[in-house]
Every structure is written in C-alpha cells, then in structure tokens.
Amino acid sequence: MADSDDILIIGSFVSPYVRKVLACLALKRLAYTIDPITPFYGNDDFTRLSPLRRIPVLVQGDLALSDSSVICAWLDEAHPDTHPLLPASPADRARARWLEEFADTRMGDVFIWGLFYQKVVHPLVWKQPGDEARIAATLETDMPMVLDYLEGELPEDGFLFGDIGLADVAVASFFPNARYAGFEVDAARWPRTAGFVARCLAHECFAATNRWEAAQLSTNPAGRRAALEQAGAPLSATSYALKEPRQGVMTL
Ligand SMILES: N[C@@H](CCC(=O)N[C@@H](CS)C(=O)NCC(=O)O)C(=O)O
C-alpha cells in the first residue's frame, strides 16, 4: 500500500510512455515531482525499481510501478472521483484497453524502436548512426499499416469515448516522437488520424508539459536538469541518473 501522497515519476519528458502518464496525471489534477532520465542512464537503484530498466516508473510511498498501463490503472483506481480514464460501459472499456495495448506495443515497436530510437536516441546515446534499413522498412511498410488501422478506428470529431481519456492519450502520445524523427502524418491520406492527433495534443492535459519537453529537447542529457529547472519543471531533489549510459535489458 502506498503510504504517502507524494508522487515521483522517473522518466524523460520525451518518452511517449512518460507523456501518457503525465497527461493522465494532468487529467486527474495530481501533482508530482519528476526525475527526467533517459532509461539507459539509470543507476542500480533505478534497476531495483524498474527491473526491465524502462521508463516511466511511479514511486509513491512504498509502491513502485514500472509500466505506463499499470501506473495509469493505479491512478484511475486510487482517484475514481476525478476524470475517469476509462469509459463507462464494459464494451467501451474493453475497446479502450485494446487501443491502449495497440499503442503501447505496436506503435511502440514502429514509432519508437523503428524510427525515433534509430534516428534520435541511438545517435545521441551511443554516438553511432541508427539502422538505416530498419528506418526505411518502418517508413515504407510498418508506419502506413499502423496509420491505416488507426484511420478505421479513430473518430472524425471529438475523442474516442466522449471526453478525452486513456485510449486517446495512449495513441496520441506517440506522434510527437514521430515528428522529432522527421515524420509527419499525411493529412490527405490519413485525415481522421491527423485531425484526431492534433485535437488530442492541443488538449490542456498535454499542453501542461509542452514547455518542459521543449526545454529538454534544447539540451543534452548532461544539461537536462539545469535546463528543466530554469523552465520551472517540478524536478525531484535527487536523481537516479548515471553519467554514462548502460545497455537496456530489453534492447535488441
Ligand atoms: N510497456 C512499457 C514500455 C516502456 C518503454 O519501452 N519505455 C522506453 C522509453 S520510451 C524504455 O524505457 N526503453 C529502454 C529499454 O527498453 O531498454 C510501458 O508501457 O511503460
């Protein structure tokens, strides 16, 4: 059982899974502090909290959770009275959970491991170019398949199940990373998806962290905390970061 109200989030503002959790915290109107590390820089204490060496991690009292879906479910169950993250009917809840799962797994593979990691993270962290063949296959085949699927699922107006919720946030959270890797959704080919993503990302639950994300992008891992402090981010007093990166547990 969590024995404290203080919520610590470990994870970079640029991670789609962290972005999803921070948007849900904003919907729930919950305050937090954040240790904005890139997972490869986590120290041994980070490994104890996150055995797969992945972000985000939520620490609250003696509770430590290291998966965005588990974290969002915890927030929703612990705070049922503010902005429910799931719709009301069992069928809609099931569909929302599926879309969250699709985002976390397939969009994670395609948007992050196939594109953003190869084009942005790999060169930055490991000082080597990413896998060009994988980037080409992602852009040619995998990304269009994801967008074709979403185009059939997403609404023309508004959000998936009435007010914005977990499924909207989970899907939309991947698109800023595609943009950072130079990919924009072609609105002529995928109009519903382009409109839906623009609506979601303009919602105040995402707007809250935009300036901190921009501050993080303006610097490198070494200068990150200073830039974020200057931008007014709610930084944790201490950090789980190392100075040099380590290979992840799940990395290819
Ligand atoms: N299923 C996890 C996935 C989290 C994840 O893959 N996070 C990435 C950052 S965007 C990570 O930590 N990658 C490091 C690694 O896998 O070694 C969740 O939903 O939280």
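Biologist: How much helix and strand is in residues 5-83?
Modeller: This is a predicted model. In it, residues 5-83 are 37% helix and 16% strand. The end C-alpha atoms of that span are 18 Å apart.

Biologist: What does UniProt call that stretch, 5-83?
Modeller: UniProt lists it as "domain: GST N-terminal", from an unreviewed entry.

Biologist: And which residues does it give for "domain: GST C-terminal"?
Modeller: Residues 89-221, again in UniProt and marked as an unreviewed entry. That span is 74% helix and 0% strand. Its end C-alpha atoms lie 43 Å apart.

Biologist: Switching to the ligand. Where does it sit?
Modeller: In the largest pocket.

Biologist: Which residues come nearest to it?
Modeller: Tyr-17, Arg-54, Ile-55, Asp-67 and Ser-68, out of 14 residues around the ligand.

Biologist: What classes make up that shell?
Modeller: There are 7 nonpolar, 4 polar and 3 charged residues.

Biologist: Ile-55, backbone or side chain?
Modeller: Backbone. An N or O atom there lies 2.9 Å from a ligand nitrogen atom.

Biologist: How much of the ligand does the protein bury?
Modeller: 90% of the 510 Å² that the ligand exposes when taken alone.

Key:
Residues numbered from 1 in each chain as written. Predicted model: local features only at pLDDT ≥ 70, side-chain atom pairs only at ≥ 80, totals over all residues. Heavy atoms only, no water. Near = heavy atom within 4 Å. Polar contact = N/O pair within 3.5 Å; in protein donor to acceptor, adjacent residues only side chain to side chain. Areas by Shrake-Rupley, 256 points an atom, 1.4 Å probe, with all protein chains shown as cover. 1 Å grid on protein atoms, 1.4 Å probe; cavity = no way out; pocket = protein on both sides within 12 Å on 5 of 7 lines; lining within 4 Å. Sits in = over half its atoms within 2 Å of the grid points. Nonpolar A, V, L, I, M, F, W, Y, C, P; charged D, E, K, R; others polar. UniProt positions renumbered as here; feature names shortened; annotations may be inferred. Helix = DSSP H or I, 4+ residues; strand = E, 2+ residues; numbered from the N terminus.
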